[in-house]
Amino acid sequence: MSVETIRHWRIGDVEVARIVEVDAHEDNISMLLKDETADYVRQHPWLLPHFATPAGLMKVSFQCFALRSRGQNVMIDTCIGADRQREYEVFCNLRTSFLEDLAAAGFPAAGINAVLCTHLHFDHVGWNTRLVEGRWVPTFPQARYLFGKQEYEHWRHLRGTGGYHNIEHLHDAVDPVVAAGLVDYVTTDHRLTDEVSLFPTPGHTPGHVSVLIRSRGQEAVITGDLMHHPIQLIDPLRHGNFDMDKEQGARTRQAFVERFANSPALVIGSHFPDPTAGWIVGEGGSWKLRVR
């Protein structure tokens, strides 16, 4: 993308920056919610203009975050990555200014201490590596890569059993950092610093985590993929197409909304397009995202 898409937040002493790789991609809502139509999107005008088009298409971004806490510079996910072949054309052979944008945001790759992957889907691990002279090498060789123990074991199981999910991205984005000895396998309540911790939000994947930031009385959460679009706040128990365990994913969303609704916690959506962050508030017996 470009430096124009970078956004910064400050939560107490913690600095957070957003780095966008695919900005505000438009697609039918049926991609996310089975059998749903544009009419459903248009019934909720609060989604415009940030999260939907007047025609009822949803907008989603593919992005990641970098944060600074207690002198540690941490990547939260690493987007899609360059030079990849993926299931959908929009993600294939990307050529972006990702590393330049990361530096422009104040987080040059050489200064990253840790890389935390909320889960191991292809669009959250891509820049774990880069292609150099025909080899996939770690993009952040000085960092520790933090993979959830349960999450990693699940993907190993899928590979070993010829499982139901596309796993080709493991070869270019996960295996090289494992082979380099850069991975630490962490629990779902791992603490990055005393200001930044993980908490389990399973369903999208078995070991999925979200990131909780608490500093100087302020609070924020980076969602990961427990939800992909603010429209899921309207009925959190509705199944999402992308969740591996749809029942668990629905329960996780409901619990998340109940925890953070009508609170000062800033919710930073991992796939929410600009402005990306807001507050969950009650709306006629349901919820919505307030961005101002």
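This is a predicted model: local features need pLDDT of at least 70, side-chain atom pairs count only at pLDDT 80 or more; totals for chains, interfaces and linings use all residues.
Arg-70 sits in the loop that links β3 to β4 (72-76). Its phi is positive, near 50°, and Arg-70 is a residue other than glycine.

Ala-24 also has a positive phi, of about 50°, although it is not a glycine. Ala-24 belongs to strand β2. With a relative accessibility of 25%, Ala-24 counts as partly exposed.

## The open sheet

Seven strands make up an open sheet with mixed pairing, in the order β1-β2-β3-β4-β5-β8-β9. The edges are held by β1 (7-11) and β9 (183-186); each has a single partner strand, so one side of each is left without a neighbour in the sheet. On average, neighbouring strands of this sheet are turned by 25° against each other, direction ignored.

In general, strands of a sheet pair through backbone hydrogen bonds, in either the parallel or the antiparallel sense.

## Helices on the sheet

Two helices are described here by their contacts with β8 and β9. Helix α3 (residues 149-161) lies across β8 (144-148) and β9, and runs at about 75° to β8. Helix α4 (residues 169-179) packs on the sheet and touches β8 and β9, with its direction at about 120° to that of β8.

The 13 residues of α3 reach 18 Å from the first C-alpha to the last, close to the 18 Å expected at 1.5 Å a residue. Which residues of α3 are buried? They are Glu-151, Tyr-152, His-154, Trp-155 and Leu-158. These residues cover an arc of only 160° around the axis, so they lie on the same side of α3. They pack against β8, α4 and β9. After α3 comes Gly-162, with a positive phi near 65°.

The largest nonpolar core has 35 residues, and the members that touch the most others are Ile-231, Phe-256, Phe-260, Ile-280 and Leu-289. At least two residues of this core come from each of α1 (38-42), β3 (58-69), α5 (246-260) and β15 (286-290). Leaving aside residues up to four places away in sequence, Phe-256 touches Phe-199, Val-221, Thr-223, Leu-226, Met-227, Val-267 and Ile-280.

Ala-105 is placed in the loop between α2 (98-104) and β5 (114-116). Is Ala-105 buried or exposed? At 8% relative accessibility, Ala-105 counts as buried, because the cut-off is under 20%.

Not counting residues up to four places away in sequence, Ala-105 touches Ile-6, His-8, Ala-17 and Ile-19. His-119 is 14 residues from Ala-105 along the chain, and the C-alpha atoms of the two are separated by 24 Å.

## The β6-β7 hairpin

Strands β6 (residues 129-132) and β7 (residues 135-138) pair in the antiparallel sense over 4 bridges. Thr-129 stands opposite Pro-138 of β7. The two strands form a hairpin with 2 residues between them. In the turn, Glu-133 has a positive phi of about 50°.

## Cis peptide bonds

Leu-48 and Pro-49 are joined by a cis peptide bond, with omega at about 0°. Pro-49 lies in the loop between α1 and β3.

A cis bond also leads from Asp-274 to Pro-275, with omega near 15°. Pro-275 is in the loop between β13 (266-268) and β14 (277-283).

Technical notes: Residues are numbered from 1 along each chain as its sequence is written. Side-chain values use heavy atoms; hydrogens and water are left out. Two strands pair if DSSP finds at least two bridges between them. Axes are lines fitted to C-alpha atoms, for helices over the stretch in contact, and angles run from 0 to 180 degrees between N-to-C directions. Contact means heavy atoms within 4.5 Å. A nonpolar core is a set of buried Ala, Val, Leu, Ile, Met, Phe, Trp, Tyr and Cys residues joined through side-chain atoms within 4.5 Å. Buried means under 20% relative accessible area, exposed over 50%, partly exposed in between (1.4 Å probe, protein chains only). The expected span of a helix is 1.5 Å times one less than its number of residues. The arc is that of the directions from the helix axis to the C-beta atoms.
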